Amino acid sequence: MADVPLDAPAAATSAAADADAAAPALRPRREAFEHGLLPIPKLVFPEGTLTQTLSQLKERLAPAGPRVGAAALAEALQIPAEQAALALGTLAAVLPAEDPGLGDDGAGAADLRDLLLFLYIQSYKRLVPRAHKDSPAVADVWPSTSAFDGYLSALSPIQLVRSNSRRFMPSQADEEAHQLSYLQKHMGNILTLLADSVDGEGDESMVLTMETFEHLGFLLQFPEGTPLSQAASFFANSDPDMPAAPVPAAMVHDWLLQHIASSLECTAEKLTAKENSQQAASDPDVPMADAITDTRSHSSTPTGTSLLNNPGHYRSTTFVEGFSKTSVIKQASDMKGHSIKVLNCHDSAIYILAPLKYATVYGCSDTTVVLGAIGKVVKVEHCERVQIIAASKRIFIANCRECVFYLGVNHQPLIVGDNHKLQVAPFNTYYPQLGEHLAQVGVDPNVNKWDQPFVLGVVDPHDSLSHPAGVSDVQAESATCLDPDLFTNFVIPSWFETQGPTKYNPFTLPELYWASQRKKHASLEDIQKKIRELEVDDNRKKELACAIHAQFKDWLYGFRQYTPALLFAR
């Protein structure tokens with residue numbers, strides 16, 4: 001902002017102040033931090049040597065050209081080829097825009113600058129949850145001997161629903177402030193990695209081109225989608241036919257720190273106001289009103305709430321949070337932005353029937369979640385006894401117990417952390433628009449790697465409290481394939497008059513599962529035939545119908561397929 005003259009008229013001073021107040025706030029790109037961190041020890045460098053290590057890596061890789069493939073990365077970092085491929089695939093999934101050289105699946109070669117930024121943030125530590133103020137009160141419902149011991153027990157689904165409070169969990173604003181603080185601390189080192197050396201002294205010897213500056217969009221963004229170079233005065237309005245002159249890295253550093261500090265100050269004010277307020281509506285990061293949906297009904301924007309006035313709208317995320325013993329459906333018309341978060345839902349059925357880029361399911365129990373078409377990543381964490389039915393490019397599963405995943409995924413399911421009794425099965429449902437949605441987000445129904453899990457370690461180096469210091473890492477428990485005799489097709493209720501070309505599951509079932517389905521269908525037809533041939537009076541028919549209904553409910557409970565059906569049976 002230009003300096004205001006001391007003798008400027010009051011109106012001019014006010015206008016300048018208003019312009020400054022209206023300046024867009026710089027935000028962290030949450031996708032990079034939420035979906036771009038891999039628990040691979042050799043990708044996480046000690047903070048004290050981080051810049052030096054990555055500078056040396058840059059020197060080794062740069063002579064081969066501006067792009068890096070999986071083989072070169074594996075050799076440079078001394079990691080297995082499959083881990084290098086996973087790293088590039090994950091980078092491709094969290095870039096702000098598709099890189100044709102890398103490809104949307106990461107099979108190509110990454111821009112070295114993007115790769116350096118990706119590797120740098122592997123040192124990021126997630127925000128530590130606040131201690132629960134009444135830990136003894138929840139000890140009886142989630143004992144310390146649980147499989148989710150230590151850190152996981154503090155975030156267990158049962159504790160969350162019993163405490164009926166999110167105050168001990170970091171809010172979206174808390175996490176955003178933590179990410180901004182991390183970038184504020186490390187931005188000098190990040191710019192040093194990206195800068196080019198030129199003849200000069202001191203600060204003038206390190207410069208950034210406009211193209212390199214734009215790569216910082218991997219970590220930072222303006223909510224309106226304004227490119228960084230257009231927001232920065234030293235690159236704004238550059239002639240597209242004439243490359244802008246490089247600028248000193250120190251100038252870029254000062255500009256970024258100024259905007260980050262302004263954003264942190266704004267976030268701190270909002271958090272203070274939230275803590276002082278007794279009304280849930282004052283919290284821009286508690287989107288319950290935005291997610292509230294009547295049981296068995298289509299969701300919509302709540303009365304009196306404008307999307308433009310919603311303080312959480314800039315995050316481009318739709319929330320479904322805190323539901324218990326109910327059904328929620330979200331269709332494409334209900335979505336804000338390109339991602340969905342299903343948080344702390346219990347004994348419910350959640351249907352997300354829309355094309356999206358990212359989906360997170362966190363802290364749920366005894367719940368079925370249907371994710372229609374996710375073009376980048378599905379992330380499932382800290383869940384217990386949930387069924388996830390997902391069609392997606394990728395899925396990341398961490399710290400879950402007794403969960404079943406019905407998957408249509410183009411890449412191997414990634415399993416990390418403290419998991420127990422996980423099962424995987426092929427995708428098992430459809431809705432009328434599913435085929436169109438898959439095409440929109442680029443999920444190929446002809447490729448399904450549901451039964452090829454990629455298993456990493458139990459210890460997550462990005463979680464400060466995931467395990468006590470000094471505990472050595474071991475491979476996480478993998479998932480087993482669901483017995484074909486237990487596999488069933490999942491029917492999404494037809495609540496609305498929806499039209500679409502998809503009439504069946506677009507993912508092909510493996511032969512074992514097809515055979516099981518045919519066997520069940522034949523048995524059902526045989527039972528129906530015998531019932532029709534029974535010669536009994538009306539009273540006996542009623543008794544038979546009641547007995548069949550009771551046995552059906554017992555079967556639903558026994559095979560954990562009950563949540564959606566019993567919501568309608570109650």
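**Strand pairing, aromatic contacts and burial in a predicted model**

Strands E9 and E11 run parallel and are joined by five bridges; strands count as paired if DSSP finds at least two bridges between them. The structure is a predicted model, in which local features need pLDDT of at least 70 and side-chain atom pairs count only at pLDDT 80 or more, whereas totals for chains, interfaces and linings use all residues. Residues are numbered from 1 along each chain as its sequence is written, and side-chain values use heavy atoms, with hydrogens and water left out. Helices (H or I, at least four residues) and strands (E, at least two) are DSSP runs numbered from the N terminus.

Strand E9 comprises residues 327-331, and five of its five residues are buried, so the strand is largely enclosed by the rest of the structure. Buried denotes under 20% relative accessible area, exposed over 50%, and partly exposed the range in between (1.4 Å probe, protein chains only). Ser 327, Ile 329 and Gln 331 point one way from E9, while Val 328 and Lys 330 point the other way. Over the chain, buried residues make up 49% of the 570 residues. The chain contains 17 helices and 18 strands. Of the contacts (heavy atoms within 4.5 Å) between residues at least 6 apart in sequence, 59% join residues at least 24 apart.

An open sheet of three strands has the order E4-E5-E7, with antiparallel pairing. Its edge strands are E4 (196-197) and E7 (247-248), each of which pairs on one side only. Strand E5 (residues 206-208) pairs with E7 in the antiparallel sense over two bridges, and Val 207 stands opposite Pro 248 in E7. The loop between helix H11 (228-231) and E7 contains Ser 233. Ser 233 counts as exposed, at 63% relative accessibility. The C-alpha atoms of Ser 233 and Trp 255 are separated by 9.2 Å, the two residues being 22 residues apart along the chain.

Aromatic pairs were assigned to rings of Phe, Tyr and Trp (its six-membered ring) with centres within 6.5 Å; planes under 30 degrees apart count as stacked, over 60 as edge-to-face and the rest as tilted. The count by this rule is 14 aromatic pairs. Phe 213 and Trp 255 form an edge-to-face pair, at 6.0 Å centre to centre and with 65° between the planes. Phe 213 belongs to helix H10 (residues 210-214) and Trp 255 to helix H12 (residues 249-276), so this pair ties together parts that are 42 residues apart in sequence. Both Phe 213 and Trp 255 are buried. A tilted pair is formed by Tyr 351 and Phe 490, with 6.3 Å centre to centre and 40° between the planes. Tyr 351 lies in strand E11 (residues 349-362) and Phe 490 in the loop between strand E18 (480-481) and helix H15 (511-533), so the pair ties together parts that are 139 residues apart in sequence. Tyr 351 is buried, with a relative accessible area of 1%, and Phe 490 is buried at 11%.

Phe 213 and Trp 255 also belong to one aromatic cluster, together with Phe 222, Phe 234 and Phe 235. Elsewhere, Lys 379 lies over the face of Phe 396, at 5.4 Å from the ring centre; a charge sits over a ring if NZ of Lys or CZ of Arg is within 6 Å of the ring centre and within 35 degrees of the ring normal.

The structure holds zero disulfides, a disulfide being a pair of cysteine sulfur atoms within 2.5 Å. The closest cysteine sulfur to that of Cys 364 is in Cys 383, at 4.8 Å, too far for a bond. Cys 364 is buried, with a relative accessible area of 0%. Cys 403 is likewise in no disulfide, and the nearest cysteine sulfur, that of Cys 400, is 4.7 Å away. Cys 403 is buried, with a relative accessible area of 1%.

Helix H15 has 23 residues, which at 1.5 Å a residue should span 33 Å; its end C-alpha atoms are 33 Å apart, in agreement. The expected span is 1.5 Å times one less than the number of residues in the helix. Tyr 513, Ser 516 and Gln 517 of H15 are buried. In an α-helix there are 3.6 residues a turn, so residues three or four places apart point the same way. The cover over the buried residues of H15 includes strand E16 (423-426) and E18.
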